[in-house]
Each structure stands twice: as C-alpha cells, then as structure tokens.
Amino acid sequence: MSVRIVDVREITKPISSPIRNAYIDFTKMTTSLVAVVTDVMRDGKRVVGYGFNSNGRYGQGGLIRERFAARILEADPKKLLNEVGDNLDPDKVWGAMMTNEKPGGHGERSVAVGTIDMAVWDAVAKIAGKPLFRLLAERHGRQANPRVFVYAAGGYYYPGKGLSMLRGEMRSYLDRGYNVVKMKIGGADIGEDRMRIEAVLEEIGKDAQLAVDANGRFNLETGIAYAKMLRDYPLFWYEEVGDPLDYALQAALAEFYPGPMATGENLFSHQDARNLIRYGGMRPDRDWLQFDCALSYGLCEYQRTLDVLKTHGWSPSRCIPHGGHQMSLNIAAGLGLGGNESYPDLFQPYGGFPDGVRVENGHITMPDLPGIGFEGKSDLYKEMKALAE
Ligand SMILES: [Mg+2]
C-alpha cells in the first residue's frame, strides 16, 4: 500500500468582521484554507487533511503555493513516510517544507507552514483511524482527557457599542456555559477602560471571571499605569501588555502586577518562546502561555516548544493557546494543555466546536471523530469539501 500526498491546495477566504482591538481592525481579515490530498482510501473515501490559519495574520497563499506546498510535492514520497511505511511522518513533511529556509527571521512563513502542518496531522490521524488527540496522547505515553477548558473571547471595540451592549455580550457567554470571559482594553483611554471593566465585572458577578487583553499596544509606562489600575480587580489574567518581542517590558511589568499575566500568541517559534521564558519574567506558578500552533510552524514545532517549557520547569497545563480552533482543542486533550480560547460569535465557520458540542461549566468534551474532527462541523466542512473536490 502506498501512502502519498498527491496534491496540496490553498484558497484565501475572507473572515472579515467589523470589530477592532487596541491594534488592528478586522474588516479586511483573511485566512488560508488548505487541503492535503492523499492517495489513501478509508471507508471508501479518499483521505484529505485540512488546515487553516488562525485569525489575525491574513491568508498566506503566495508563500504556500510558491514555496511550501511545492516542496512537499517535489519531495520523494518515500522520504515523507514513517518507519513502517504505513503513514506519513509529520516531522519529515515539515522538514521537506523547511528545505533551504534560513534560521531566525520567522516572519509569516511560520503561518504558511503551520497551516499545511495542521492539514498533514489531520490526514495522519485519519489514516490511523483515530481522533488526533488520542493519537497524540499515545505517541507521548499519556492519558487523553477529552474534557477541555474553554473561555469566551470577545469584548472587542465596535462602532456604536456602549456599556449595555458589552454587558449583554458577556451575559450571553455565561448563558452559553462559559465561566471565563475576555475583553479588549487599550483601544480607549484608561478611564473609559476602567468603566468598561467595572461594568463587565458587575454583570458577571460571581458567575464568571474576567480576563483583559491589550493586544501588545502599551509601552512600559502605560502598561504599568494599567497594571496599577487592574490589580484592584480579581482578574483571570492581564494579556499581551507590550510588544510581543519586548521581554524586558514583560519582566518589568511583573514587579507591578502580582496577578496572572498571559502572553505568547505573537511568538512564532520555539526559539522565541524560549526567549520569553528566559527573559520575560513569566512565573510558572501563575502565568499563562498562548502560543498558537496554527501561526507558529504547526504542531511539529509546538511539540518542540513544549519540550522547551519542560526543560525550564513549566507544565503544559500553563498553556492556553490563542486562536479558537479545533487543532488546539486536540492538543489540549491529547497533551494536557490548560485549555483553549474560543470566539463564540466571531471568525466563523473556522472557529468553534463540532456540531452538538456544548460548553458546560466552562468545558467542552471532545467527540471521537477521526482526525482533527472538522467533518463534525458542517458549515466548516462544506467549505473544506469544496476546496478538495
Ligand atoms: Mg490576545
């Protein structure tokens, strides 16, 4: 039996939305949807792996078509197989993609590679006939835990959105089973943000906790001014205060903010993650790491990031990835991450859960679907199938 990648297809799709955070608006946001087509048949159907990149970084069609997909298709198919020869080896496919790429300067090639890598893992788990989270747990000698913590990310700035709309939005997340909600800060002045935070805290009361996200907007002075304001409140975390690569700022902030800090969604390699751990003053007993595999070279690289964390005394349970996609849900369930982001009302059909999966007490339970589980989400699978056929 041969196992061969016969095609890698990409299409750039809009995921626009009239929202903004402290840094960007999402009116022209796009994503790349990728299909890795194999010659393997399962249950009378050809195995196709699917992937897409997380919101916030735009589609990567040029890079995918010109470099990364082309290298996979040019590689000797035998060199992409596992030792037994009955499945693809994701690390070998990854290695083929990264042929003739210099180190460092990760730019957005990490998004292009991460998108294809997601599709490769989907195909590998489907060929193995298992949910990806179970395949991952087996590979790492762990027990899978299909119950995963999820929190509701929203609270964006939106034209004409006042405090009552913001409160109503947060209430609707609670009504849908979430017990941690997140809102944006830094897109207004500190006085207005304090009123927004107080309004949300009053609305959610003891039913939920609130996280806030500055999206890398603040310099050190503003970040500290906010820290002094925010530490009056029992927040779940204070996220991405300054520039993602300014580790000295993050470390200085820790002196003013005893509560949990979170960051990492805009670090795209295990080397950058290592620098954050080495120099960013992040505390393994309370802080959270948000690296998103779909933006940062995929799961092959994410496993290296988890190794880096382990070496430095961090548990995978301190990771709650950015992005709200099913890939990170599988990693969480398979490798023991602390949970995953979720955008209940945004970035559809890409984000969210398989049909019928409900949030209860801030957790979902993964269904046993082969691969990543995209086939269980009908609106998303419709788009995927159109690309593959
Ligand atoms: Mg964020």
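Which residues have the most contacts inside the largest nonpolar core? They are I197, L210, L230 and Y238, in a core of 132 residues. This is a predicted model, where local features need pLDDT of at least 70, side-chain atom pairs count only at pLDDT 80 or more, and totals for chains, interfaces and linings use all residues. Residues are numbered from 1 along each chain as its sequence is written, and side-chain values use heavy atoms, without hydrogens and water.

A nonpolar core joins buried Ala, Val, Leu, Ile, Met, Phe, Trp, Tyr and Cys residues through side-chain atoms within 4.5 Å; buried means under 20% relative accessible area with a 1.4 Å probe, protein chains only. Helix α3 (residues 109-128) gives this core its largest share, eleven residues. L210 touches I197, V200 and W237, among others. Such a contact means heavy atoms within 4.5 Å.

Two pockets come next. A pocket is an open set of points on a 1 Å grid where a 1.4 Å probe fits, with protein on both sides within 12 Å along at least five of seven lines; lining residues have an atom within 4 Å of a point. A volume is the space filled by probe spheres set on the points.

| Pocket | Volume |
|---|---|
| Largest pocket | about 500 Å³ |
| Second largest pocket | about 400 Å³ |

Of the 17 residues lining the largest pocket, K45, R46, V47, E375 and Y381 are closest to its centre. Strand β3 (45-52) is one of the elements that give two or more residues to this lining. The largest share, five residues, comes from β3.

The second largest pocket is lined by 23 residues, with I24, G56, R57, E265 and N266 closest to its centre.

Definitions and conventions:
Helix = DSSP H or I, 4+ residues; strand = E, 2+ residues; numbered from the N terminus. Buried < 20%, exposed > 50% of the residue type's maximum accessible area, 1.4 Å probe, protein only. Lists of a residue's contacts leave out its neighbours within four places in sequence.
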